[in-house]
Amino acid sequence: MKKAKLVDNIIEHTDDALIIIGTNGTILTANTAALDLIDVSEEELIGSSYSLFFTQQTQNPGITRIINDGLRKGVEYHLQEMRFSAANQSEKNVLISTSRISEQDAFGRVGMKNSLLLFIKNVGTVANDEQSASVISSQEYQNLSKEYNRLQKKNSEFQTIFKRFDYVKLAIIAVIFIIFTYAIFNLQSTIKSSTSPTPTDTVKQGEDRIVTATLDTMDKYIVVSGILEPHNKVTIAAQTSGKVVARNFNEGDYVQMDQILYQMDTKELAKNVRSARIRYIELLEEYNNLKKWDSSLTVMQAQRKFSLSKIAVNNEKKKLAETKKLFDKGIIPRVEYEQAVTAYKKAEYDFENAKQSLESELDKGNTEKLEVLRLKLSNAKDELDEIEARYEATLIRAPVSGIVMLPVSSDGIRGTYKNEGDMVNDGDLVATIGATDSYIINSHIGEQAVQLLKVGQEAQISGPGFKDFSITGNVNWIASSATVHENIRYFPIRINILSVPDSLKQYLRLGMFAEASILYDRYEGVVTIPIEAVYYDGNKEKITVIHFDETLEERTITAGPSEGNKVAVMSGLAPGEQIIVRNSKK
């Protein structure tokens, strides 16, 4: 017995809350940390139904679901983050882990076979409803993983101790058997000896309550959690170099598309823009003139000179012919004839010069030279556009509407914002905009539950920051291979929220904690009753039926799936029949 007490001391000094729940939903044992967390005394907790503390007195549907899955389906959870509401109305962020107790387990003592071992780790108190759920950092996640491994190791120690002391287990089995037999006998005696209460009297006494079995539809959900992230992220890189003169936002601000985020110094760039614009205008004027060169003033003057010289040479040629006739007849002296020859030659020379000058001027506007000038003009335009774009880039604008976030490179490296006076180089990452027209939730799920999920399944999303609203999403991606971290195996998944109602957009913020309830199965037309109405007689599931004549009948049923505080009855009960839900303390 001293060694058995040693085991109890180990349980009692576990830092986290530890609760063992029997197959009938009764709390078999709990340590001091559990009593402090739930804020009840040991007398109130031990022997009571778990639903009294997780469903009736306080509303903890997430924890109730985990317990139901553990008891009914053998599903085990590891480090599930949830909100726990205690009886004193305080709220805490907790991590939940469950483990089934088999006959060979360390806890597999009498009355504990197939029971559920519930670990609850308190990770913080919530101040009010508006306070966002805490987001676990990678370091905290590692610490929690180490804590889980510590608990698993401690569980192994418990197994080793109990395997060594089989005689202690036998003694405990005998004691629990006697207590259980006495409790069953006492319950039967109480039912037989007491007068059958009327439904009205029962409700007034507040001890038991009567409920009616209903034909219902039971939806089965898998709940995953994560934080709201933008579906689309646009990372902004600087398009020019310069000094920041103004930053017009704070992290987390909502900005409109084209809103100016940064302003940079523009003095040097403004000078370059003016120079490039002057050169472009000059080349454009020269190109336009060259395109009309044939009709330009210069060419027209050359053509006029050529025409005049042509007329002059013709006139001198006629004069020379007349002078030669007169000279040949001896009418005029030789000197006069030679003067006419000289005048004609000079006119021919002037004509040739005018002809060459005209050809030279016309050649200035030929196709090749026009093409060269066109290319120069195109280059000048490109340079002007580039400099003007750099000048415009000194005003860094939001490319989309959304929330301003820290810039993150493609390889996952997180950058920083630029402040007034900082130098920015071309290509530097300066901010990321998370578009808020759609969101995603990145989460993970265990290897048993992942078999129940399919891409495209509908998910209802809610969270403490928008608890009065529900958003519809769907499963967008399920990893094809598991991720293993700190000996924990899980499958990453992603939930898409492609459409957010306008009435809800003002309440959503990036980084908010969110839960996605994914519908994976539906049972239609099943009889449902409160889960606490079912009790166990050995391996038999039973309920107490109250007839119209107020007689009581203990009836064996076949219980099916459960969800929340409801359980489906697959056989043994018809819709409309009334059953008694016993007060957990009674």
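I looked up Q80 and found it buried, with a relative accessible area of 18%. The cut-off for buried is under 20%, so Q80 qualifies. I note that this is a predicted model.

I then placed Q80 in the fold. It belongs to strand 3, residues 80-85.

Strand 1 (residues 17-21) and strand 2 (residues 27-30) run antiparallel, and three bridges join them. I checked I19 and found A30 of strand 2 as its bridge partner. The two strands form a hairpin, with five residues between them. In the turn, G25 has a positive phi of about 85°.

I searched the whole structure for aromatic pairs. The search gave five. I opened the pair F327 and Y337: the ring centres are 5.0 Å apart and the planes meet at 15°, so I log this pair as stacked. It links distant parts of the chain, 10 residues apart. F327 sits in helix 10 (residues 297-328), and Y337 sits in helix 11 (residues 334-363). I also checked the accessibility of Y337. Its relative accessible area is 17%, under the 20% cut-off, so Y337 is buried.

Which residues do ring pairs link into a cluster? I found F249, Y262 and Y417. I then looked at the face of F249. R247 lies over it, at 4.9 Å from the ring centre.

Conventions:
Residues are numbered from 1 along each chain as its sequence is written. This is a predicted model: local features need pLDDT of at least 70, side-chain atom pairs count only at pLDDT 80 or more; totals for chains, interfaces and linings use all residues. Side-chain values use heavy atoms; hydrogens and water are left out. Rings of Phe, Tyr and Trp (its six-membered ring) pair if their centres lie within 6.5 Å; planes under 30 degrees apart count as stacked, over 60 as edge-to-face and the rest as tilted. Helices (H or I, at least four residues) and strands (E, at least two) are DSSP runs, numbered from the N terminus. Buried means under 20% relative accessible area, exposed over 50%, partly exposed in between (1.4 Å probe, protein chains only). A charge sits over a ring if NZ of Lys or CZ of Arg is within 6 Å of the ring centre and within 35 degrees of the ring normal. Two strands pair if DSSP finds at least two bridges between them.
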